[in-house]
Amino acid sequence: MYAWAPATLAWERDNIGLLVGSAEAAVTSVLVCLDITPAVVEEAKRRGANLIVAHHPVIFHPLKSLRTDGYPGSMYASLLRADINVIAMHTNADAAHDGLNTALAGKFRLNNTARLDGVREESRLARIIGMAGADRDSALRAALGDLEGFEVLPSVRNDELNIILPTWRIPALRAAVRETGGESTRILLSKLEEALPHHGIGVVGELEEEMDTDAFLQRVKQVLGCTQLRCSPFDGTRRIRRVAVSSGAGSSYVRAAVSAGADALVTGDLTHHTFLDYQHDILLVDAGHHETEKLFIDLCAEELERGSFQDKQKIDILRTQTETNPIRFV
């Protein structure tokens with residue numbers, strides 16, 4: 001799963017990975033969900049899943065007690081008694097190249113996209129020396145699976161290949177070079193301080209066709225399955241072409257959306273003062289935290305269904321059928 005959404009992409013105060021259970025446990029069936037609630041735990045039991053993969057960490061703040069006579073302690077006890085393991089894929093899935101924000105931008109068919117807040121992690125320049133031959137690039141691609149996040153630079157030497165890559169792909173590159181290169185092949189690594197342009201929170205891009213505000217808001221409802229939206233004041237003459245999206249709570253990325261020239265930002269959990277401060281700069285659309293993140297379920301399930309482990313042992317990947325949105329409109 002970290003090959004899809006590397007742990008190093010996660011917010012430093014996030015709590016991702018295996019949160020309940022044991023790394024030694026054999027996985028037989030996986031249930032994918034956005035949030036873990038007692039009803040989701042019961043669903044996992046009923047459908048025979050011994051691993052739950054959730055977007056939101058089931059344990060986020062440090063526990064000061066673990067009482068089983070109330071929530072959430074009773075739910076943790078239920079997970080442990082049923083031998084159900086829990087993995088969280090949170091902000092690393094938000095920021096991944098093929099992650100949640102990319103999928104959200106895809107829902108609106110945005111073109112010419114860029115990240116609102118690119119990942120600041122260091123990348124590396126890898127000089128692979130001593131590996132020649134016309135099949136070199138294709139051999140590396142085959143060994144690595146893909147070259148997502150890689151930038152291959154031109155080289156004056158026939159036996160040298162220069163690649164810029166994220167730090168988390170270095171082990172995969174070393175393994176690929178061992179498999180495809182000769183004994184004399186060497187890798188020299190240099191640090192680069194540039195942000196990784198294909199990873200990060202939020203995406204900005206252009207709609208296929210410009211539309212007026214009313215039409216755009218109706219499209220947001222249709223795309224995200226919303227019955228209601230919260231939005232900043234607008235008039236019907238305002239045209240929308242450049243759109244920013246940020247899954248979940250997006251108040252922190254409004255300034256970046258304005259700086260990127262977006263006409264509108266679609267996100268969730270916007271505050272009163274965020275609307276107040278930016279209402280003249282951009283059309284703010286609060287479609288809801290749940291509504292902008294629920295596509296995680298299909299996105300993560302599809303990644304698991306493509307997992308290389310499926311070739312060795314078939315594992316059922318289940319999508320939750322439990323409604324976990326904690327907000328109702330009356």
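A: In this predicted model, E210 and R239 form a salt bridge whose closest N and O atoms are 3.0 Å apart. This pair links distant parts of the chain, since E210 belongs to strand β10 (residues 196–212) and R239 to strand β12 (residues 239–249), 29 residues apart. E210 has a relative accessibility of 39% and therefore counts as partly exposed. R239 is likewise partly exposed, with a relative accessible area of 42%.

The count of salt bridges comes to eight. Within it, E42 pairs with K45, the closest N and O atoms being 3.1 Å apart. These two residues are three places apart in helix α1 (residues 38–47), so about one helical turn separates them. E42 is partly exposed at 40% relative accessible area, and K45 is also partly exposed, at 36%.

R47 forms a salt bridge with E43, and here the closest N and O atoms are 2.7 Å apart. Both residues lie in helix α1, four residues apart, which is about one turn of the helix. Their surroundings can be described through accessibility. R47 counts as partly exposed at 27%. E43 has a relative accessible area of 0%; because buried means under 20%, E43 is classed as buried.

Finally, salt bridges can also involve several partners: D298, E305 and R319 are linked in a network.

Definitions and conventions
Residues are numbered from 1 along each chain as its sequence is written. This is a predicted model: local features need pLDDT of at least 70, side-chain atom pairs count only at pLDDT 80 or more; totals for chains, interfaces and linings use all residues. Side-chain values use heavy atoms; hydrogens and water are left out. A salt bridge is a side-chain nitrogen of Lys or Arg within 4 Å of a carboxyl oxygen of Asp or Glu. Buried means under 20% relative accessible area, exposed over 50%, partly exposed in between (1.4 Å probe, protein chains only).
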